[in-house]
Amino acid sequence: MAAFSYETIDFGELETGQVSNCFVILYNLHQTQKLKFDFQKSGLMCGDNLKLEPMVGELEPNSHQNIKMTLIPAR
């Protein structure tokens, strides 16, 4: 039982190589179980680089974690 808090993820218009960050919150909604997460490397088109921090982790029941998303466009 996990959820992300976001309405939309919009990095805006970027130039090649320009870094843009967005944040989402990952929630563990379970009352008693821990949530382990492990984001896989993204397969974005056009060679863009999307980094997620942290990539792996564990959330206690009823807790949350900020996830930093960094986009570096290739073109």
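Trainee: What pattern does the protein follow along the sequence?
Mentor: Reading along the sequence gives β-β-β-β-β-β. A strand here is a DSSP run of E with at least two residues, numbered from the N terminus. This is a predicted model, where local features need pLDDT of at least 70, side-chain atom pairs count only at pLDDT 80 or more, and totals for chains, interfaces and linings use all residues. Residues are numbered from 1 along each chain as its sequence is written, and side-chain values use heavy atoms, with hydrogens and water left out.

Trainee: How many helices, then?
Mentor: The count is 0 helices and 6 strands.

Trainee: What does the C-alpha trace span?
Mentor: About 45 × 20 × 15 Å along the principal axes.

Trainee: How much of the protein is buried?
Mentor: Of the 75 residues, 21% are buried, meaning under 20% relative accessible area with a 1.4 Å probe, protein chains only.

Trainee: Switching to the backbone, where is the cis peptide bond?
Mentor: Between E53 and P54, with omega about -5 degrees. P54 sits in the loop between β4 (49-53) and β5 (56-59).

Trainee: And which residue other than glycine has a positive phi?
Mentor: N62, with phi near 55 degrees. N62 belongs to the loop between β5 and β6 (63-72).

Trainee: How exposed is N62?
Mentor: N62 is partly exposed at 47% relative accessible area, the class between buried and exposed, where exposed means over 50%.

Trainee: Last topic: how many positive and negative side chains?
Mentor: There are 6 positive and 9 negative ones, and the centres of the two sets are 9 Å apart. Lys and Arg count as positive, Asp and Glu as negative, without His or the chain ends. Each charge is placed at NZ of Lys, CZ of Arg, CG of Asp or CD of Glu.

Technical notes
Helices (H or I, at least four residues) and strands (E, at least two) are DSSP runs, numbered from the N terminus.
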